[in-house]
Amino acid sequence: MKHVVRALALFILILVVFIGGIFVLNSLGEEIYPGYADRLMGVSGHYGMDRNQKELLKEPKYTGKEYCRECHQKEYELSEKGGHKFDCETCHGYGGGHPPKDMGVENTREFCLNCHKPVLGRSDYRLLEDWESHGYLDRPCTVCHDPHYPWFG
Amino acid sequence: MHAIEGYVYPNHEVFWGVLIVVYPYLVSIITGMVTIYAISEFWRKDLKDAEKLILVATLPFVLSALLPLLLDLGQPQRAFEIYVTPNFSSVMAVFGIVYLTELFTLLGEMWFSFRRDIVIYAKNEGNSIKRLVYRLLTLGVYDISEKSLKLDHRIIKVLTFIELIAAWCLSYVSFLFGVVKSNPWWNTTILPVSFVFGGLAAGSALVILVYIIACKIYRREAREKVVDTIAYYLFFFLLAAFGLEMINTILYAYKEDVAWAVIKITASELVIPQMIVVIGSMEALLFLRFGRNLRGTAKQAIYTIVAISVLIVVFAMRWNMVIGAQLVDYSLRGFIGYSPPLFGKEGLLAAIGVLLAPFAIMAIVAYFLPPFPERKMAPSVTQPEKHISVDLAERV
């Protein structure tokens, strides 16, 4: 009989410690648990790392027009004259890491036609009603139009 | 309806990998082992020889059932949070309560059935560290009179009853993983029943396997009566699991609504698991039916093959449920493929590690609590007292 009492006492002790632990941790708040365990593992925020911190860790990809101006003054001024006034990165891709990295260019016919094809709700652009037969079908638009200032004359 | 084929929603992917297959698998094995223990406790006295072995083998599985969940968590340091914030409206939170009931009743059962051995070891053990462990385990009571042992036996019966209920509730996670996805393929009422029977088959197969292997390790003869009795139950458990599983698949293949998805997916993506289920079950049922007539080593070899193939079959069933249900798109017009990565937290190697962990723990548990009473006790350092100098072998 004695051993049953002792086993029961041990079980109740474990139960009390366990439920007590739950209540204590609950009342201490999230800063203690899981906050403390998270800090030991080096994470913060509800879903691991804080999302602002996560964003700040990323290398910035897009640099903006003024970054290009530092070297390409001529193209910058030319593109400012017309109606496009695009960011350089619209056609050239992102400029992050550019001086060593090579820049590409998007000059396909389809890319220009994204805006210049008659599309519902885009009446304010210079539309090409004859887009299916305009110019040379197998060559990019930039053969005839200066890409930085596409207006003739 | 079948105008568009092969259409999958763009955000559809397999979120639950091979680890979530291992988790219900381990839990179903626990259900089966606990049920076999209850059968031996309440009905079949001829399983007495394997009783302690079943306890020693169940504890490692219960302990490692949480491993796949821990590995699956993105932030494992928050694993305790499910207990800190009890919530009865969440099925997964209730799992914690059922699991702890299972663990503590099992520990209680182990303590009460090994108590006599523990007391004898605490007095006779030569190794001082081991003796200290046994002394702590006795809780300071060295009373092993007939009266107290009778009381122990009565308490074990009560604990077994509670544990049986907890184990069957525990197996609900097996089908929870299919139902939560609410995929029409697995959204069926016979699923819980079919999965409990699958678990019972896997658990009995593992008991047979462990019993045969343990008898080899401890250099004793495996009793044919024990193996035969468990195999008798295994036959019906497997028959029920296989029958219900097949009825399920055939029913959905017959019904028009999801016929395309089910037939296409079982014919291409799930062809290997499905073949394993069909051929493996047939083979195991045949071997179980005709293995009974064999004798000696041939019988043991046949039953070992049966046990291994039943374990593989039930694993394939769990694979079909967890992975298969995720492969069918909600549009029911397309499906995707899945092959587990080798490395990483969700990989194949981690899953194999989780599957092997119970056997490593089993070796440790069996080191401290040998499941079979040894023929010769270790030479005693101190003279044993009169009432405990009983040869353990006599009790068997």
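**Figure 1. Overview of chain A.** Residues 24 or more positions apart account for 40% of the contacts (heavy atoms within 4.5 Å) in chain A with a separation of 6 or more. This is a predicted model: local features need pLDDT of at least 70, side-chain atom pairs count only at pLDDT 80 or more, and totals for chains, interfaces and linings use all residues. Side-chain values use heavy atoms, without hydrogens and water; residues are numbered from 1 along each chain as its sequence is written, and chains are lettered from A in the order in which they are written. Chain A has 7 helices and 0 strands (DSSP runs: H or I of at least four residues for helices, E of at least two for strands). Of its 153 residues, 14% are buried (under 20% relative accessible area; exposed is over 50%, partly exposed in between; 1.4 Å probe, protein chains only).

**Figure 2. The salt bridge of Lys65(A) and Glu80(A).** These side chains meet at 2.2 Å, N to O. A salt bridge is a side-chain nitrogen of Lys or Arg within 4 Å of a carboxyl oxygen of Asp or Glu. Lys65(A) lies in helix α4 (residues 65–69) and Glu80(A) in helix α5 (residues 73–81) of chain A, so the pair ties together parts 15 residues apart in sequence. Lys65(A) is buried, at 11% relative accessibility. Glu80(A) is partly exposed, at 31%.

**Figure 3. A salt-bridge network around Glu224(B).** Glu224(B) meets Arg295(B) in a salt bridge (3.1 Å, N to O). Glu224(B) sits in helix α10 (residues 224–254) of chain B, and Arg295(B) in the loop between α12 (271–291) and α13 (296–327), 71 residues apart. Arg295(B) is exposed, with a relative accessible area of 59%. Glu224(B) also forms a salt bridge with Lys299(B) (3.6 Å, N to O). That partner lies in helix α13 of chain B, 75 residues from Glu224(B). Lys299(B) is buried, at 3%. Shared partners join Glu224(B), Asp228(B), Arg295(B) and Lys299(B) into one network.

**Figure 4. The interface of chain B and chain A.** Here 22 residues of chain B contact 22 residues of chain A. The buried area is about 1900 Å², with 69% from carbon and sulfur atoms (accessible area, 1.4 Å probe, that two parts lose on being put together, summed over both). Gln77(B), Arg78(B) and Val84(B) supply 30% of the area that chain B buries against chain A, more than any other three residues. The count of salt bridges between the chains is 0.
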